[in-house]
Amino acid sequence: MISEVVRFLPNKSIPELFLEGNVIIPDDAMGMVIFAHGSGSGKTSQRNELVSRKLNENNIATLLFDLLSEKEQESDRQLENIICQVPGATFNKFNISLLAERLSLATDWALKYPKKMNLEVAYFGSSTGAAAALIAACKFHVNSIIVRSGRTDLQDNHLFQQIVSPCLFILGSEDKRVININKQTIKELRNAEEKELKIVPNCSHLFEQVGCLETVANISIEWLKNHFNH
């Protein structure tokens, strides 16, 4: 098994603006999943770490990384304290184009990763990270995309027609508004090779209830095994 910390430089002229991630590649890995977390989360998200661990146990490699640098995260924290005084200010964590650029950077790295060649790449996008994953998928024909509680309304609808990768949407039954958003997104994905919607009973947006995230992981594992081995 390969387990290491990696760094990405979005701007090589600004070395302090780096993104850090954790990559785990089990022996005989069938593919790699890159996580795109939601706003206010990061590579140490307990929710994504749980899903990542379950994937690793099933011979699926994972890359968990911060979409924002420490400096950008600190800027967001400071803005939270003065947002009422700064009309029109935008948090980095809600800048979907920026998040998509960062995910594209990580995808390019994964596809060229020297220690484990020829691994297909899939995305696991949560909340705002799901919107970033769908944008990045317009550039990379990834193996597939898993969307958990995706805020897919934060992306321009015209981009959906560019996505051809199979897409799986996982939602909690209590997350009514986002269910409606994702159903509309599925209609817009006219050129995706496959579209599937899974609604997990008695679960909320964050899948905080007992056993809900384990169900998300199991659904994801079954989907990924079918598609990485396709």
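In this predicted model, the buried residues of helix α3 are I96, L98, L99, A100, R102, L103, S104, A106, T107 and A110. Helix α3 covers residues 96-111 and has 16 residues. From its first C-alpha to its last, α3 reaches 22 Å. That is close to the 22 Å expected at 1.5 Å a residue. An α-helix has 3.6 residues a turn, so residues three or four places apart point the same way.

The secondary structure of the protein chain comes to 6 helices and 8 strands. Read along the sequence, these elements follow the pattern β-β-β-α-β-α-α-β-α-β-β-α-β-α. The protein chain has 230 residues, of which 52% count as buried. Contacts between residues at least 6 apart in sequence were also examined. Of these, 65% join residues at least 24 apart.

Two helix pairs were then considered. Two packed helices are described by the angle between their axes and the distance between the axes. Helix α3 packs with helix α4, which spans residues 128-136. Their axes come within 8 Å and cross at roughly 60 degrees. The angle makes α3 oblique to α4. The crossing of α3 and α4 is right-handed. On the α3 side, the contact is formed by I96, L99, A100, L103 and S104. On the α4 side, these residues meet T128, A131, A132, A133, I135 and A136. By class, the contact of α3 with α4 has 9 nonpolar and 2 polar residues. Charged residues are absent from it. The contributing α3 residues I96, L99, A100, L103 and S104 are also among the buried residues of that helix.

The second pair joins helix α1 (residues 46-57) and helix α6 (residues 212-228). The axes of α1 and α6 come within 9 Å and cross at roughly 40 degrees. Helix α1 is therefore oblique to α6. The crossing of α1 and α6 is right-handed. From α1, the contact takes in R47, L50, V51, K54 and L55. Their partners in α6 are L213, E214, A217, I221 and L224. The residues of this α1 and α6 contact divide into 7 nonpolar and 3 charged, with no polar residues.

Attention next turned to single residues. S126 lies in strand β5, which covers residues 121-126. S126 has a relative accessible area of 3% and is therefore buried. Residues up to four places away in sequence were set aside when its contacts were listed. With these left out, S126 touches A36, H37, G38, N48 and R148.

S149 lies in the loop between β6 (145-148) and β7 (167-172). Phi of S149 is near 50 degrees, a positive value in a residue other than glycine. S149 is buried, because its relative accessible area is 1%, under the 20% cut-off. F207 is found in the loop between β8 (195-200) and α6. Phi of F207 is near 55 degrees, again a positive value in a residue other than glycine. The relative accessible area of F207 is 2%, so F207 is buried as well.

Technical notes:
Residues numbered from 1 in each chain as written. Predicted model: local features only at pLDDT ≥ 70, side-chain atom pairs only at ≥ 80, totals over all residues. Heavy atoms only, no water. Axes fitted to C-alpha atoms, helices over the stretch in contact; angles between N-to-C directions. Helix = DSSP H or I, 4+ residues; strand = E, 2+ residues; numbered from the N terminus. Parallel < 35°, antiparallel > 145°, perpendicular 65-115°, else oblique. Left-handed = near helix turned anticlockwise from the far one by under 90°. Contact = heavy atoms within 4.5 Å. Nonpolar A, V, L, I, M, F, W, Y, C, P; charged D, E, K, R; others polar. Expected span 1.5 Å × (residues − 1). Buried < 20%, exposed > 50% of the residue type's maximum accessible area, 1.4 Å probe, protein only.
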